[in-house]
Amino acid sequence: MSKILISARSLRKSYGKRNSKFEALRGVTLNIHEGESVAIIGKSGSGKSTLMHLLALLDKPTRGEITLNGHPTAKLRARKLNTIRNKKFGFVFQSFFMNPNDTVLNNVILPLKIAGVGYRERHRRAVSALKTVDLDDKRNNKASDLSGGQKQRVCIARAIVNGPKVIFADEPTGNLDSATGDKIINLLFKLNREKGITLIIVTHDQDLANKCQRQINIKDGRIVSDSSADVEQDDDGDEEIREIVAESEDDDDEDATPDKFEGDNNIDGMLDQKHPVHHINIEEDEEDL
Ligand SMILES: Nc1ncnc2c1ncn2[C@@H]1O[C@H](COP(=O)(O)OP(=O)(O)OP(=O)(O)O)[C@@H](O)[C@H]1O
Ligand SMILES: [Mg+2]
């Protein structure tokens with residue numbers, strides 16, 4: 001079995017306080033291995049999206065620990081988290097949408113711009129990603145003018161443009177007709193097969209779940225079944241992630257609390273359509289990218 005990329009230990013997540021407190025996750029432990037395709041399934045409200053947001057480092061657990069390549073992530077500063085998400089993760093979330101008034105091409109270019117990729121190269125890579133999802137002909141269209149399935153494909157193009165190690169997809173085929181849904185799914189699995197991208201997919205669609213190597217079933221905030229047998233933790237892994245994490249362990253001059261996660265831990269702001277991927281900000285002066 002391949003290396004462990006993400007390891008979650010005894011994750012708990014509560015929302016609200018006192019009387020309105022709700023425990024969305026009640027102790028989840030799992031390892032995600034490089035190159036796996038994993039379906040997270042379960043009823044509405046069971047905690048699937050909550051778990052995915054924690055694994056994607058978009059939100060913090062109330063208790064428990066997530067390690068990336070064996071490194072704890074709890075104390076990583078916002079800047080490092082942003083760098084990891086920008087370079088290593090791709091997101092296909094229905095609510096994590098794009099800038100509707102901008103062109104398709106600019107939406108796909110954005111993560112590259114954030115990562116500091118030069119003009120020509122980012123243009124080349126964005127066009128190539130759009131070709132992958134068969135939307136090159138729409139590159140100059142306004143994003144809001146696309147159909148639902150086309151928008152999903154733009155999201156995939158944007159998710160893959162930085163060459164991520166992991167794609168997190170929350171209901172990638174929700175609201176799509178089955179033919180368009182199949183296209184999206186085939187595309188995701190092609191990326192998994194051909195580029196070794198790890199897929200973590202939240203879905204209600206049993207057919208889609210069956211296509212994944214592994215199914216994790218969540219009920220009331222707990223894993224009730226996991227089709228994979230686990231293996232020993234292995235410290236080796238993606239060198240660049242190790243470096244990003246290690247650098248920040250040396251840094252003790254700034255507050256360890258990520259500013260995007262202050263307050264009530266509500267991630268809606270980050271995922272709101274009004275606050276698109278710009279929220280994955282990397283400061284302009286970041287030299288250690
Ligand atoms: N920001 C929040 N504040 C309060 N409660 C929340 C918040 N986010 C999620 N919850 C609650 O946590 C539980 C799990 O939510 P989650 O979004 O993870 O469910 P899900 O399994 O993804 O459901 P669905 O299939 O409907 O998308 C739900 O009961 C939900 O109401
Ligand atoms: Mg959900």
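This is a predicted model: local features need pLDDT of at least 70, side-chain atom pairs count only at pLDDT 80 or more; totals for chains, interfaces and linings use all residues.
Which strands does helix H1, residues 48–55, lie across?

The protein chain has nine helices and ten strands. Of its 289 residues, 45% are buried. Now the contacts between residues at least 6 apart in sequence. Of these, 75% join residues at least 24 apart.

Next, the sheet. Six strands make an open sheet, in the order E6-E7-E8-E3-E9-E10. Pairing is mixed. The edges are strand E6, 89–93, and strand E10, 222–226, and each of these pairs on one side only. On average, neighbouring strands here are turned by 20° against each other, direction ignored.

Back to the opening question. Helix H1 lies across strand E3 (37–41), E7, strand E8 (198–202) and strand E9 (214–219). Its direction is about 150° to E8.

Phe-89 has Val-166 as its bridge partner in E7. Phe-91 stands opposite Phe-168. On to E8: five bridges again join E7 to E8, also parallel. There, Val-166 has Thr-198 as its bridge partner. From E7 the chain crosses through H6 to E8, and this β-α-β crossover is right-handed.

Is E7 enclosed or open? Five of its five residues are buried, so E7 is largely enclosed by the rest of the structure. Look at the side chains' directions. Val-166, Phe-168 and Asp-170 point one way from E7. Ile-167 and Ala-169 point the other way. Both sets are buried, Asp-170 included.

Last, the ligand. How many residues surround ligand 1? The count is 13, and the closest are Tyr-15, Ala-24, Ser-44, Ser-49 and Thr-50. Which element gives the largest share of that shell? Helix H1 does, with three residues. Strand E2, 22–33, also supplies at least two, as does H1.

Definitions and conventions
Residues are numbered from 1 along each chain as its sequence is written. Chains are lettered from A and ligands numbered from 1 in the order in which they are written. Two strands pair if DSSP finds at least two bridges between them. Helices (H or I, at least four residues) and strands (E, at least two) are DSSP runs, numbered from the N terminus. Axes are lines fitted to C-alpha atoms, for helices over the stretch in contact, and angles run from 0 to 180 degrees between N-to-C directions. Two residues are in contact if their C-beta atoms, placed from the backbone, lie within 7 Å. A residue is near a molecule or strand if its C-beta atom, placed from the backbone, lies within 6 Å of it. A residue is buried if 20 or more other C-beta atoms lie within 10 Å of its own, exposed if 12 or fewer, and partly exposed in between; C-beta atoms are placed from the backbone. A crossover is right-handed if, with the strands pointing away from the viewer, the path from the first strand over the helix to the second runs clockwise.
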